[in-house]
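This report describes one protein model, starting with its overall make-up and ending with single side chains. Keep the sequence and the structure in view while reading.

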Amino acid sequence: MRHLRAGAYGVCAVFVLVLVGLACWPRTWLTVRDADGLRYAFVVAQDNRFSLAWMHSVEKENWVETFRIVNQSIVLVSTRFKTFGAGVPDQAGQTTRLANGWVVIEAIDRVVDPLAVQAAAAEHYRMRYGDRWFALSRAHDAPILTFAVRRATVIGMWDGIVGAWRATKTGRP
């Protein structure tokens, strides 16, 4: 009986050591910060792309930009929008095409790190990471959000991990 109890303690000790090791192991994260601190933190995985979407303040049409994380930097790779107008680039990438009513500019490949965005409520800013959308705008507020890539441990990113988890559970930031 004592032999079984000692074996159980050994298994528990190994399990605890593995958990502590995972929590302290540095990983690459995409972070989203505002004036209050770390809002979201996402582990950079195989599919290292994310998108920002909003309603253009003048054209009143949706706009979507897609970014990729390359060598610890954020790179703008494509943009798509409904109409040309104020502030719209005409030769930003290597290809421009029309797809399902969207003007799509691809192969932009411009480093924008860190990326700062003012997420005005009227523009309905949101972010797609993986298969989930996260609200970035807040009612009656226009926070300046900073997106950056950094190496850190789970413990160091805890607030952002919890923020992202809460947003997926409630549908709100």
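The protein contains 2 helices and 11 strands. This is a predicted model. Along the sequence, the elements follow the pattern α-β-β-β-β-β-β-β-β-β-β-β-α.

Of the 173 residues in the protein, 35% are buried. The accessible surface is about 10600 Å², and carbon and sulfur atoms account for 56% of that surface. Contacts can also be sorted by separation along the chain. Taking contacts between residues at least 6 apart in sequence, 59% join residues at least 24 apart.

**The sheet**

In what order do the 7 strands of the open sheet lie? The order is S6-S7-S5-S4-S3-S9-S10, and the strands pair in an antiparallel way. Strand S6, residues 95–99, and strand S10 are the edge strands; each of them pairs on one side only. With direction ignored, neighbouring strands of this sheet are turned by 25° against each other on average. In general, strands of a sheet pair through backbone hydrogen bonds, in either a parallel or an antiparallel manner.

The pairing of S6 with S7 can be followed in detail. These two strands run antiparallel and are joined by 5 bridges. Leu98 stands opposite Val103, which lies in S7.

**Asp109 in strand S7**

Strand S7 covers residues 102–111, and Asp109 is part of this strand. Is Asp109 buried, partly exposed or exposed? Asp109 counts as partly exposed because its relative accessibility is 43%, which lies between the limits of 20% and 50%. Apart from neighbours within four places in sequence, Asp109 is in contact with Arg68, Val75, Leu76 and Val77. The C-alpha atoms of Asp109 and Ile74 are 9.6 Å apart in space, while the two residues are 35 residues apart in sequence.

**Salt bridges**

How many salt bridges does a search of the whole structure find? The search finds 3.

| Residue with N | Residue with O | N to O distance |
|---|---|---|
| Arg39 | Asp34 | 3.2 Å |
| Arg138 | Asp34 | 3.6 Å |
| Arg97 | Glu106 | 3.0 Å |

Asp34, Arg39 and Arg138 are linked in a network of salt bridges. Asp34 has a relative accessibility of 12% and therefore counts as buried. Arg39, with a relative accessibility of 6%, is buried as well. Arg138 has a relative accessible area of 26%, so this residue is partly exposed.

Where in the chain do Arg138 and Asp34 lie? Arg138 is in the loop between strand S10 (132–135) and strand S11 (144–152), whereas Asp34 is in strand S1, residues 27–34. The two residues are 104 residues apart, and the pair links distant parts of the chain.

The remaining pair in the table consists of Arg97 and Glu106. Arg97 counts as partly exposed because its relative accessibility is 41%. Glu106 is also partly exposed, with a relative accessible area of 28%.

Key
Residues numbered from 1 in each chain as written. Predicted model: local features only at pLDDT ≥ 70, side-chain atom pairs only at ≥ 80, totals over all residues. Heavy atoms only, no water. Helix = DSSP H or I, 4+ residues; strand = E, 2+ residues; numbered from the N terminus. Buried < 20%, exposed > 50% of the residue type's maximum accessible area, 1.4 Å probe, protein only. Contact = heavy atoms within 4.5 Å. Areas by Shrake-Rupley, 256 points an atom, 1.4 Å probe, with all protein chains shown as cover. Salt bridge = Lys/Arg side-chain N within 4 Å of Asp/Glu carboxyl O. Pairing = 2+ DSSP bridges. Axes fitted to C-alpha atoms, helices over the stretch in contact; angles between N-to-C directions.
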